[in-house]
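Please examine the sequence and the three-dimensional structure shown below. The report that accompanies them is arranged by topic.

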Amino acid sequence: QYNWLQRISAEGWAWWYMDDGSIQGGCITFHTEGFDARGVDAIKRVLYCRGYNPVIRRYSRQGKTYIVITLRRPDTKRWVSEHAQYAVDCLRYKFPTS
């Protein structure tokens, strides 16, 4: 069901992050709230196969539980260096160099 994730290019991941990701405290979060648990796990596996060590986090809001994927600082630095070339000017702030 989630085999399409393996076909996303580096540029595709960058666009996905620019559209539905954030950076805070030096860590990237992929806002996967729209995916079910199986989908989030599939995304985590693909990121792991790409050499990252993603962390699944859950949070609750208004009685509903959501799931997101976060990259810790070392992985975030690598992510930024590998994907910043695809950043569009108005979203370049998501790819900090320091």
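The sections below treat the sheet, the helices, selected residues and the pocket of this predicted model.

## The sheet

Four strands make up an open sheet, in which the order is S1-S2-S4-S3 and the pairing is antiparallel. Strand S1 (21-24) and strand S3 (55-61) lie at the edges, each of them pairing on one side only. On average, and with direction ignored, neighbouring strands of the sheet are turned by 35 degrees against each other. Strands of a sheet pair through backbone hydrogen bonds, in either a parallel or an antiparallel manner.

Between S1 and S2, which run antiparallel, there are four bridges. Gln-24 has Cys-27 in S2 as its bridge partner. S1 and S2 form a hairpin with two residues between them, and Gly-25 in the turn has a positive phi of about 60 degrees.

S3 and strand S4 (residues 64-71) also run antiparallel and are joined by seven bridges. Across this pair, Ile-56 stands opposite Ile-69 in S4.

## Helices packed on the sheet

Helix H2 (residues 37-49) packs on the sheet and touches strand S2 (27-30), S3 and S4. The direction of H2 makes about 5 degrees with that of S4. Helix H3 (residues 73-83) likewise packs on the sheet, where it touches S1, S2 and S4. The direction of H3 makes about 80 degrees with that of S2.

Helix H1 (residues 10-20) contributes the buried residues Trp-13, Ala-14, Trp-16, Tyr-17 and Met-18. The elements that cover these buried residues of H1 include S1, S2, H2 and H3.

Is His-83 buried or exposed? His-83, found in helix H3, has a relative accessible area of 4% and is buried because this value lies under the cut-off of 20%. With residues up to four places away in sequence not counted, His-83 touches Ala-10, Trp-13, Ala-14, Tyr-52 and Phe-95. Two of these contacts, Trp-13 and Ala-14, are themselves among the buried residues of H1.

Thr-29 is found in strand S2. The relative accessible area of Thr-29 is 8%, and the residue is therefore classed as buried, the limit being under 20%. Not counting residues up to four places away in sequence, Thr-29 touches Asp-20, Gly-21, Ser-22, Arg-57, Val-68, Ile-69 and Thr-70. The C-alpha atom of Thr-29 is separated by 19 Å from that of Cys-90, and the two residues are 61 residues apart along the chain.

## An exposed loop residue

Where is Gln-62 placed? Gln-62 is in the loop between S3 and S4, the two strands that are joined by seven bridges. Phi of Gln-62 is near 50 degrees, a positive value in a residue other than glycine. Gln-62 has a relative accessible area of 81% and is exposed because this value is over 50%.

## The largest pocket

The largest pocket has a volume of about 150 Å³. The residues that line the largest pocket are Gln-1, Tyr-2, Asn-3, Leu-5, Gln-6, Arg-38, Ala-42, Arg-45, Val-46 and Cys-49. By class, the lining consists of five nonpolar, three polar and two charged residues. Helix H2 spans residues 37-49, and the lining includes Arg-38, Ala-42, Arg-45, Val-46 and Cys-49.

Definitions and conventions: Residues are numbered from 1 along each chain as its sequence is written. This is a predicted model: local features need pLDDT of at least 70, side-chain atom pairs count only at pLDDT 80 or more; totals for chains, interfaces and linings use all residues. Side-chain values use heavy atoms; hydrogens and water are left out. Two strands pair if DSSP finds at least two bridges between them. Axes are lines fitted to C-alpha atoms, for helices over the stretch in contact, and angles run from 0 to 180 degrees between N-to-C directions. Contact means heavy atoms within 4.5 Å. Buried means under 20% relative accessible area, exposed over 50%, partly exposed in between (1.4 Å probe, protein chains only). On a 1 Å grid over the protein atoms alone, a cavity is a set of points where a 1.4 Å probe fits but cannot get out, and a pocket is an open set with protein on both sides within 12 Å along at least five of seven lines; lining residues have an atom within 4 Å of a point. Grid points are joined across faces, edges and corners, and a volume is the space filled by probe spheres set on the points. Ala, Val, Leu, Ile, Met, Phe, Trp, Tyr, Cys and Pro count as nonpolar, Asp, Glu, Lys and Arg as charged, and the others, Gly among them, as polar.
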